[in-house]
Amino acid sequence: MEIAPATDGVRSAHDGASLSRRARRLYGGARGSAVALQKLRPFICPFERLIEHIPRGSAVLDVGCGAGLFLGLLAADHGIVRGAGFDSSPRAIALANRMRPNVPREVSLEFVVADAIESWPAAECFDVVSLIDVMHHIPRTLQSRVLSYAMDRVRPGGLLLYKDMALRPRWRGRG
Ligand SMILES: C[S@@+](CC[C@H](N)C(=O)[O-])C[C@H]1O[C@@H](n2cnc3c(N)ncnc32)[C@H](O)[C@@H]1O
């Protein structure tokens, strides 16, 4: 497993504003604060920098995927072939499943409710396993367990993509 940045990823031509516009299209039709948050997320989380690490043609497992925004962005513009996401929030997964029909049909996306501490869905390996802004939700004593589960799901030669919040600036830590 490789933890260093991948070299054959896609250089993103995007920034927060363009990814927010993409989020608007992905979640078009749905309303409410959770949808508004998806449009705001690209200004809080630098998805454009994370996307650069994902090789085209990847199968990606996104742990704590929320409403599926990262996989939606990858599926819409960044050439993944498959995305699987899980989250402990049934409401987030319901929104992810509403977004799913808005990605290109050739990309397989699946979202399920599951807890990263307890039972992970399907024991298979992925080219990329991502944990984005999730680990701070996991109790400290269980974080190494979750990281170990994530590493077990990375195929040999694959990539573990880990990102979490910084304490500063404080406003970024709220999204
Ligand atoms: C800040 S959000 C990030 C969502 C998504 N990764 C993103 O970047 O947009 C944190 C997510 O972690 C999820 N989460 C927290 N604890 C979890 C757990 N034990 N298992 C699975 N998901 C969890 C929450 O439900 C929430 O959707």
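**Questions on the fold and its contacts**

Q: At what angle do the axes of helix α1 (residues 16-26) and helix α2 (residues 33-44) cross?
A: The axes of α1 and α2 come within 8 Å. Helices are DSSP runs of H or I with at least four residues, strands are runs of E with at least two, and both are numbered from the N terminus. An axis is a line fitted to C-alpha atoms, for helices over the stretch in contact, and angles run from 0 to 180 degrees between N-to-C directions. On that scale α1 and α2 cross at roughly 160 degrees.

Q: In this predicted model, what pLDDT do side-chain atom pairs need in order to count?
A: Residues are numbered from 1 along each chain as its sequence is written. The model is predicted: totals for chains, interfaces and linings use all residues, local features need pLDDT of at least 70, and side-chain atom pairs count only at pLDDT 80 or more.

Q: Are α1 and α2 roughly parallel or roughly antiparallel?
A: Angles under 35 degrees count as roughly parallel, over 145 as roughly antiparallel, 65 to 115 as roughly perpendicular and the rest as oblique. The angle between α1 and α2 is roughly 160 degrees. The pair is therefore roughly antiparallel.

Q: Which residues of α2 meet α1?
A: Two residues are in contact if their C-beta atoms, placed from the backbone, lie within 7 Å. From α1 come Gly16, Leu19, Ser20, Ala23 and Arg24. Their partners in α2 are Gln38, Lys39, Arg41, Pro42 and Phe43.

Q: How many charged residues are in the contact of α1 with α2?
A: Ala, Val, Leu, Ile, Met, Phe, Trp, Tyr, Cys and Pro count as nonpolar, Asp, Glu, Lys and Arg as charged, and the others, Gly among them, as polar. By these classes the contact of α1 with α2 has 4 nonpolar and 3 polar residues. The number of charged residues is 3.

Q: How is α1 oriented to α4?
A: The axes of α1 and α4 are 10 Å apart. They pack at an angle of about 95 degrees. That makes the two helices roughly perpendicular.

Q: Which residues of α4 make the contact with α1?
A: The α1 side is made by Leu19, Arg22, Ala23 and Leu26. By class, the contact of α1 with α4 has 6 nonpolar, 1 polar and 2 charged residues. The α4 side is made by Leu69, Gly72, Leu73, Ala76 and Asp77.

Q: How many of the 9 residues in α4 (residues 69-77) are buried?
A: A residue is buried if 20 or more other C-beta atoms lie within 10 Å of its own, exposed if 12 or fewer, and partly exposed in between, with C-beta atoms placed from the backbone. Among the buried residues of α4 are Leu69, Phe70 and Leu71. α4 is mostly covered, and its buried count is 7.

Q: What share of the 175 residues in the protein is buried?
A: The protein has 6 helices and 5 strands. Their order from the N terminus is α-α-α-β-α-β-α-β-β-α-β. Of the 175 residues, the buried share is 37%.

Q: Is Ala96 buried or exposed?
A: Ala96 is found in helix α5. Leaving aside neighbours within four places in sequence, Ala96 is in contact with Cys65, Ala67, Gly68, Gly85 and Phe111. Because 30 other C-beta atoms lie within 10 Å, Ala96 is buried.

Q: Is Glu106 buried or exposed?
A: Glu106 sits in the loop between α5 (90-99) and β3 (108-113). With 7 other C-beta atoms within 10 Å, Glu106 is exposed.

Q: What is the phi of Asp133?
A: Asp133 lies in the loop between β4 (126-132) and α6 (140-152). Most residues other than glycine have a negative phi. Asp133 has a positive one, near 55 degrees.

Q: Which residues around the ligand are the closest?
A: A residue is near a molecule or strand if its C-beta atom, placed from the backbone, lies within 6 Å of it. The ligand is surrounded by 19 residues. By class, this shell has 10 nonpolar, 5 polar and 4 charged residues. The closest are Gly64, Gly66, Ser89, Ala116 and His137.
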